[in-house]
Amino acid sequence: MLLYRRKLDREEIRPLLGQSSIPMCSSQYERMFNSSRIPGVDTDTLQHLKDSKHIAVYHRGRYFKVWLYHSGRLLKPCEIQLQVQKILDDPSLPQAGEEKLAALTAGDRVPWAKARSSFFTQGRNKLSLEAIEKAAFFVTLDDTEQGFRKEDPVASLDNYAKSLLHGKCYDRWFDKSLSFIIFKNGKVGLNAEHSWADAPIIGHLWEYVLATDQFQLGYTEEGHCKGEPNPRIPPPQRLQWEIGEPCQEVIRQSLSVAQQLADDVDFHSFPFDNFGKGLIKRCRTSPDAFVQMALQLAHYWDKGKFCLTYEASMTRLFREGRTETVRSCTSQSTEFVLSMMDSTQTSEQKLKFFKIAAEKHQSMYRHAMTGAGIDRHLFCLYVVSKYLGVDSPFLKEVLSEPWKLSTSQTPHQQVDLLDLNRFPEYVSSGGGFGPVADDGYGVSYIMVGENLINFHISSKFSSPETDSHRFGKHFRQAMLDILTLFNLDKRPSK
């Protein structure tokens, strides 16, 4: 991660669209490191420093500051390992209120903003909070074991995803731009605060981290980092706190709010390996449009109705561009779905409807990417209406409609970093997010190589309408049913 930060500081990361030479705006990268979201009563702010020479580490309820430089150079991996080992070996107990302190960043923002100004503006609390907020990024040495297990593939991936999304609600500093999580068994992951950037930016970092860790830096046969550490490097510094009962009460309330949210998240993460974008491209169809049509069909099977659907498209072809919405539920896609429900329709007729719907989707995606979308335009009109004091019933209605199916594809960008055919065990699951609507689904997916698509489906247990595992089953079936329309041979089995 620090090598990536160095490349970023030296402006060595090429902001190009896929494998093309088309430049994209790289402003989002600026706040990846040395950044924190600061709570405010009316509005939060993003604090970004030009540089930071330390990280903040959380382990078993204690906070540590770890310096990243010694004698004017970046610590070597073996020296970072030595520092982490000192933290793991530290027998000290958490101070009063320290263990669950980060719950303040997981609960409602106003209580955290008030607590910050009341309890963290002087003395050791101010210094310790600054050490966290001004760190390059946050690290959690998690005391649980996570990751894919062959003996329990479904629950293990679901738990891995849920842990990265919210953990125990007090062992991630959710205001930091990045929290790097290392589990007890060596599995790793990221939790990213969303206001500073979108998923492809974090994905770009993560691709580099996974490939560099294994194939550039590497480990000894015993599993240690290579090289000899300098034993004179100062040890990690334990952060000191004075957290009285009034502040502890705010922490307890924030944790209660956060745990209610976290316990309600129904998260299902799974690999779809029946086929991937390689076979879809043989159908002369956009892989993304194929998946989006399958999601429409799966949602209709799941709920028996259509809903307003959000797919994120990037607008980084423009300065400081973030996203635009592709409204995937169209009259063409509904016509296709209804044809799939109609036993009187032939496969040829269904395929015709599918191709029309897929082409419409691709057209909308291109429009969204090139500044001809709908929703950001509507949002700007809403902002202007507020500024002018104009009441618009139309804008009120259109901006209050819930997105009951919110979807996003994470692009696989640096395909040259890792040969997936030679090293299939280094496949990343990609990332996911929670549901946007109380009775809706959040769906994230990443197309890895030619033969695999990893999915993340989220919803809320409290909704009687949703069930992430049920939706996952519908989606698998929808993908297979659409493929049969093309009458192709399946890909050869390995």
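Leu157 lies in helix H5, which covers residues 153-166, in a model that is predicted. Is Leu157 buried or exposed? Its relative accessibility is 9%, and because buried means under 20%, Leu157 counts as buried. Setting aside neighbours within four places in sequence, Leu157 is in contact with Phe148, Ser269, Phe270, Pro271 and Ser429. Take Ser269 from that list: Leu157 and Ser269 are 112 residues apart in sequence, but their C-alpha atoms are 5.8 Å apart in space.

Now let us turn to charged side chains. Side chains of opposite charge can pair when their charged atoms come close. How many salt bridges does a search of the whole structure find? The search finds 30. Here are some of them, each with its N to O distance.

| Salt bridge | N to O distance |
|---|---|
| Arg5 and Asp51 | 3.6 Å |
| Arg149 and Glu151 | 3.6 Å |
| Asp439 and Lys404 | 3.0 Å |

Arg5 is buried, with a relative accessible area of 3%, whereas Asp51 is partly exposed at 32% relative accessibility.

In the salt bridge of Arg149 and Glu151, Arg149 is partly exposed, with a relative accessible area of 37%, and Glu151 is exposed, with 64%.

Next comes the salt bridge between Asp439 and Lys404. Asp439 sits in the loop between strand S14 (405-409) and strand S15 (441-448), and Lys404 in the loop between helix H13 (393-400) and S14, so the pair ties together parts that are 35 residues apart in sequence. Lys404 is partly exposed, with a relative accessible area of 22%.

Salt bridges can also be linked: Arg37, Asp44, Arg109, Asp175 and Glu193 form a network of them.

Glu311 is buried yet has no salt bridge, and the nearest side chain of opposite charge, Arg376, is 12 Å away. The side chain of Glu311 does have a polar contact of 3.4 Å with that of Tyr445. Residues that Glu311 touches include Asp288, Gln292, His361 and Tyr365.

Helix H9 (residues 287-303) and helix H11 (residues 347-369) pack at an angle of about 115°, with axes 9 Å apart, and their crossing is right-handed.

Key: Residues are numbered from 1 along each chain as its sequence is written. This is a predicted model: local features need pLDDT of at least 70, side-chain atom pairs count only at pLDDT 80 or more; totals for chains, interfaces and linings use all residues. Side-chain values use heavy atoms; hydrogens and water are left out. Buried means under 20% relative accessible area, exposed over 50%, partly exposed in between (1.4 Å probe, protein chains only). Lys and Arg count as positive and Asp and Glu as negative; His and the chain ends are not counted. A salt bridge is a side-chain nitrogen of Lys or Arg within 4 Å of a carboxyl oxygen of Asp or Glu. A polar contact is a pair of N or O atoms within 3.5 Å; within protein, one must be able to donate a hydrogen and the other to accept it, and residues adjacent in sequence count only if both atoms are side-chain atoms. Contact means heavy atoms within 4.5 Å. Axes are lines fitted to C-alpha atoms, for helices over the stretch in contact, and angles run from 0 to 180 degrees between N-to-C directions. Helices (H or I, at least four residues) and strands (E, at least two) are DSSP runs, numbered from the N terminus. A crossing is left-handed if the near helix is turned anticlockwise from the far one by less than a right angle, and right-handed if clockwise.
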